[in-house]
Amino acid sequence: DITEERKQRVTFSDGWIESGARLIVPNESPVTAPADIAGKTIGVLAASTWGDLAKPLNPGDLKTYKSESDAFQDLVNGNIDAIVTDGISASYNIKQSNAPLRLVETPLSTLQKAWTIKKGKPALVKAINQAIADMVADGTYARLTADFLSFVAAPNDPIRSNLCRVEREGLLP
């Protein structure tokens, strides 16, 4: 994950994948936005921060699970109304298992991931950034992820490499 603290230790490429917390519901659920789940039962992984993101949704009950697969099974079986979990892992699990579930469009949180590169390797960072940009522009990125995800995970507005800041401010040796 791209964080300010990590930027002090490494150089990041441009953000290449965006994920975050998503609400997962059965296909037939009337829920179309996170606010629609108020008063309903939401499942979350016990050893995660998903419960913190679910609480503002005002669930009627917040049920914790030791494994995400148990939460998914309870959702498929109709024992809970939704799950809060990572959008990419959820989309992958739904697609691979052909589960009758879907992601609610509006994310609860977002974060971007990037490749980390040892500081002092500007040519490598530039090459990685160019490869990412080329793959997104020519559709390769979407084709490579289509078999695994139900959405394109490339960020619409990628966080730019901290190398760019270094170059702008003339901090390279």
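Student: Why is Tyr92 called partly exposed?
Tutor: Its relative accessible area is 36%. Buried means under 20%, exposed over 50%, and partly exposed in between, with a 1.4 Å probe and protein chains only. Tyr92 therefore counts as partly exposed.

Student: What makes Phe148 partly exposed?
Tutor: Phe148 has a relative accessible area of 42%, so it falls in the middle class as well.

Student: What kind of model is this, and how are residues numbered?
Tutor: The model is predicted: local features need pLDDT of at least 70, side-chain atom pairs count only at pLDDT 80 or more, and totals for chains, interfaces and linings use all residues. Residues are numbered from 1 along each chain as its sequence is written, and side-chain values use heavy atoms, without hydrogens or water.

Student: How many aromatic pairs are there?
Tutor: Two aromatic pairs are counted. Rings of Phe, Tyr and Trp (its six-membered ring) pair if their centres lie within 6.5 Å; planes under 30 degrees apart are stacked, over 60 edge-to-face, and the rest tilted.

Student: Why is the pair of Trp16 and Trp115 called stacked?
Tutor: The ring centres of Trp16 and Trp115 are 5.3 Å apart and the planes are at 10°, so the pair is stacked. Trp16 lies in the loop between β1 (11-12) and β2 (17-19), Trp115 in the loop between β8 (111-113) and β9 (116-117), and 99 residues separate them. Helices (H or I, at least four residues) and strands (E, at least two) are DSSP runs, numbered from the N terminus.

Student: How do you know the class of exposure of Trp16 and Trp115?
Tutor: Trp16 has 25% relative accessibility and so counts as partly exposed. Trp115, at 46%, also counts as partly exposed.

Student: What makes Tyr92 and Phe148 a stacked pair?
Tutor: Their ring centres are 6.2 Å apart and their planes at 25°, so they are stacked. Tyr92 is in helix α4 (residues 87-97), while Phe148 is in the loop between α6 (140-146) and α7 (162-168), 56 residues apart.

Student: How do you know that the length of helix α5 agrees with its residue count?
Tutor: The expected span is 1.5 Å times one less than the number of residues. For the 16 residues of α5 (residues 122-137) that gives 22 Å, and the end C-alpha atoms are 22 Å apart, which agrees.

Student: Which residues of α5 are buried, and why are they said to line one face?
Tutor: Val125, Asn129 and Ile132 are the buried residues of α5. Down the axis they fall within an arc of 60°, so they line one face of the helix; the arc is that of the directions from the helix axis to the C-beta atoms. On the other side of α5, Ala123 and Ala137 are exposed.

Student: What follows α5?
Tutor: Gly139 does, with a positive phi near 90°.
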